[in-house]
Every structure is written in C-alpha cells, then in structure tokens.
Amino acid sequence: MIYVMQILQVLALLFVLMLGAVVLMAMLFYVLDKTQPGDAIRRNYPVIGRFRGLFTKLGEFFRQYFFAMDREEMPFNRAQRDWVSHATKGKGNTIAFGSTRNLGVPGTPIFVPAVFPPLDDQFSVTAPMLIGPTAAIPYRAKSIFNISGMSYGAISRPAVEALSRGAAKAGIWLNTGEGGLSPFHLTGGCDLVYQIGTAKYGVRDEDGNLSDEKLRKMSENPHIKMFELKLAQGAKPGKGGILPGEKVSAEIAEIRGIKLGQDSISPNRHADINDYGELLDVICHIRKVTGRPVGFKTVIGSSEAWEPLFQLINERGPDCAPDFIAIDGGEGGTGAAPMPLMDLVGMPIRDALPRMVDLRDRYGLKERIRMIAAGKLINPGDVAWALCAGADFVASARGFMFSLGCIQALKCNRNTCPTGITTHDKRLQAGLVVEDKYVKVAHYATSVIKEVETIAHSVGVGEPRLMRRRHVRIVQADGTSTPFNKIRPSYNADAAL
C-alpha cells in the first residue's frame, strides 16, 4: 500500500511538472508570436494561430488518405497509383464488378474494339524498332515503354541501382538524366540513353564546353546506346538549375566533371545552340564522334515554331536529321521547379505529341525520326493513346518512381523523401531495398507492355505500333465521343488506314 501511494505521488508530481512545462511553453510562444512581425495571424491570435500552419500541413495528408476520391487527386490519383502498385507484384491486375472511372469526363480516351478481333493464338506482340539507321552503331530498341531521365543526385543511389537492374530484367532502356553517368547506372547492365543537359555534365571540359574526348570515351561504354540533348523539359521549360556547392561531393564532382564544393549553374539553354542550324550541327557532330544515334528532348508551345526545323532537315538531307525527338508535356514533373513554369508553360502531351508527329510525317521523315512521348504517361491506357497518336516509344519517370514505392509525398525538393527515392539521407535510403525494388520495377514495365498489347489485340491489330488514331475515341464536353482521327486527322490519313 505504501508503494502504491509513493507511485501515485510520483505520477502526480510528474503531471504537475508536465502541466507547468506546457504553461511555460504557451507563455513563451505567446511572447514570440506577439512580437514577431512576419505572420499576422500569429501576431493577432498568439499560440492558437500556430494551429493554422499545422492543420495546413496535415491537410495534405488527410486529403490524400481520407477525403479525396480514387480519381480526384493530382498530379496522380489513387487509382493510377494503385494500378502501378498492383503491377509491381507481377500478378494479375484484374478488377471486379465494374470500372470506377467516369467515362463522361471530356478528354477521356475510349478504345474502339474490333468487331472480329484476332483469335487468342494471334496475340499482339511488340517488335523491336531500329533507331539511327545512319549512325555507325544503330540501336535496335526492344521495348515500347522505357525509363525517362532521372539524374543521380536528383534520385538516390539505391533508386538508381534498382532502376538499372529492373531495366535490365525487363529489357528496357534507362535514361541517365542530365547529371551524368554514375557507377550505379551500370549496376544492372541495362541499355542506357546518355542525356546531355545544358551544363553538359560528364562530357564537358573545364570551361563547360562539349568535350569530344569525353564524348568518345563515354560512347565506348557498351551499355550506352544513344545520346539525348535536353533542350527543355515539361516541368520547367527555359529554366536551368543550380546545384549548391554543399551538394557537390567528391563523387558528384567526379561524375559531373565540375569542381568540388562549388556551385554549379546549368544555363537555361545550350549556349552553343542558337538556331535550328546549330542544333542539327551539334547533333551531327555528336553522332560522328560517338557513332551512336543522337536525338533531342524538348517541350513545345507551338508546332508552327518547329516547322523550320523540318524544312531545314529536308534542305540538308535526311542524314542530318535527329534520330529521335522526345516530346515532354507541360504536365511533366521534376524535383523542384517554379510554380508558374510547372503550371502554365508548355503544351500538354495530348496536344503536343500529335502536332509534332504530323509535322514529322508531313515532311516525309516518319521512317527516319523516331518519336518518343513523355509527360504523365504511366498506365497502359496512356501508353496506348500515345501509340495511337503516332509515338514510336513512351518514356516515363514518375511511373517508375511509383514502382520504387513513391507515395506522392511531394517532398522531392526537401531531402526528406520518406521512401528513400529522392533523398540523400542514409537513414531514409535504408527503406529502399534494391533486391526487392528492382523486381518491382521490372514487373511494372512488363505489365504495362503486356496490357498495351492486350489493348492492341482488342482493337484488332497485330502490333501495338499498328494502332492508329481511328482506334481511339475522345470524350467531348457533351458526354459523347468523337474518333480521334476526326478531331486531328493524321497527315497521311489514307496510309494510316
């Protein structure tokens, strides 16, 4: 009994101390809030005004998990993310009872089933496609669906390793991103596309100019199959980046070819490319030095602005043409970008892609220039639509981030990514187990390809790239649907029949 009373006395004392601490903290916060000049709410409503900021931060969490419907979230809704999650398990991705998708939303694609589709033993399969027929070492790409550019530095070491090994297992390519080639890109032995950004990381001299010696050395790596000049990306067209000096470790400095501990500023565009003529000159130069196919990535605001490029290609001859053009949509993502650029600049992929495809075809370059679509295309329906619109390949970054376990926490720019994908915090990186994630990356890729082939089989063609705009209808504002080829006819519509 005495011990019980002593314990109760101690607990009572602790309670009084805790209560006193709370009162003391409240008084301290009152003084701080009342005297600080930056927040009017906290100044007028000291202490309780702090809850507004707390609830604002918690609102993002509660909306994602409790209040938003499956098809409501942005940039990717729960239904899209759940499909990727199920696909990474390598099992059937079937659903029951009925679709939860609202088929009356304007812009929704609806694929047109064939009246007499091919029999089951005539199932659609994806054939390899040659890129860069005039290059010394052309690339025969096996997959229609591949991994878009994500730099080591923007994403973590285990994330890069998992993507490399997963890409090798699935037989798809991995774009290095503009941060250069790291040892971790080579872990899996997959096909790589080396992206050359405006700072020319990894292939630059001390003054930041393109180095033929480093280009040649890079091309000698058998895993590097193509080079991609990044002119712009959908999330921040016309904007370069700054890599703070404190993030330039010895490893990053070595990979990117920059000075240890110093800020590295990426120009907003390539300083040596001032017009389409110089663009073609640089492409031809890189192809000559490396022997590999070379293309470029961009985001467009007007198809008319790009017409002179195709005119110039025909004037010079097809040998000067880029081997591929990667079109990013204005809805593309990145680790950090100004909101006005992310929200307001650049055409969405569903507008941009068919415009550029039609330009290419109108100038007779369909077989010479391959078209790659990027920008928020993560599910089979997205990929199938892009192929109908005229893309030869689709590349996704955020889809593969979801396959790594991304939960759309929207903390890519804070070094606090809870899944270890976009952080360099070793404790958080420990949550990303490469041995598990690379298998999920491969399962996701193969699931997308398999289900695109299923759509192709349903519409009655023997290969996904044989899908045409007539095979998909687009829902209009009044709820009815219109064939895509009526909304935007292909340039050579007869040949597409």
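**View 1. Helix H5 passes helix H15 in a right-handed crossing.** A crossing is right-handed if the near helix is turned clockwise from the far one by less than a right angle, and left-handed if anticlockwise. This is a predicted model: local features need pLDDT of at least 70, side-chain atom pairs count only at pLDDT 80 or more, and totals for chains, interfaces and linings use all residues. Residues are numbered from 1 along each chain as its sequence is written, and side-chain values use heavy atoms, with hydrogens and water left out. Helices (H or I, at least four residues) and strands (E, at least two) are DSSP runs, numbered from the N terminus. H5 spans residues 157–170 and H15 spans residues 434–459. Their axes come within 7 Å and cross at roughly 45°. Axes are lines fitted to C-alpha atoms, for helices over the stretch in contact, and angles run from 0 to 180 degrees between N-to-C directions. That angle makes H5 oblique to H15. Under 35 degrees counts as roughly parallel, over 145 as roughly antiparallel, 65 to 115 as roughly perpendicular, and the rest as oblique. Contact means heavy atoms within 4.5 Å. On H5 the contact residues include Pro158, Glu161 and Leu163. On H15 they include Val434, Tyr438 and Val441. By class, the contact of H5 with H15 has 10 nonpolar, two polar and five charged residues. Ala, Val, Leu, Ile, Met, Phe, Trp, Tyr, Cys and Pro count as nonpolar, Asp, Glu, Lys and Arg as charged, and the others, Gly among them, as polar.

**View 2. Helix H6 packs with helix H8 at an angle of about 55°.** H6 covers residues 212–219, and H8 covers residues 276–290. Their axes lie 8 Å apart. H6 is therefore oblique to H8. The crossing of the two, H6 and H8, is right-handed. Asp212, Leu215, Arg216 and Ser219 of H6 meet His285, Ile286, Val289 and Thr290 of H8. The contact of H6 with H8 divides into three nonpolar, three polar and two charged residues.

**View 3. Helices H11 and H12 pack at an angle of about 30°.** H11 runs over residues 349–362, H12 over residues 380–389. Their axes are 9 Å apart. H11 and H12 are therefore roughly parallel to each other. From H11 come Ile349, Arg350, Leu353, Pro354 and Val357. They meet Asp382, Trp385, Ala386 and Ala389 in H12. The contact of H11 with H12 has seven nonpolar, no polar and two charged residues.

**View 4. Three strands form an open sheet in the order E1-E14-E15.** Pairing is antiparallel. Two strands pair if DSSP finds at least two bridges between them. The edge strands, E1 (109–111) and E15 (481–483), each pair on one side only. Neighbouring strands of this sheet are turned by 35° against each other on average, direction ignored. Three bridges join E14 (residues 472–475) to E15. Val475 has Ser481 in E15 as its bridge partner. H12 packs on the sheet and touches E1 and E14. The direction of H12 makes about 80° with that of E1.
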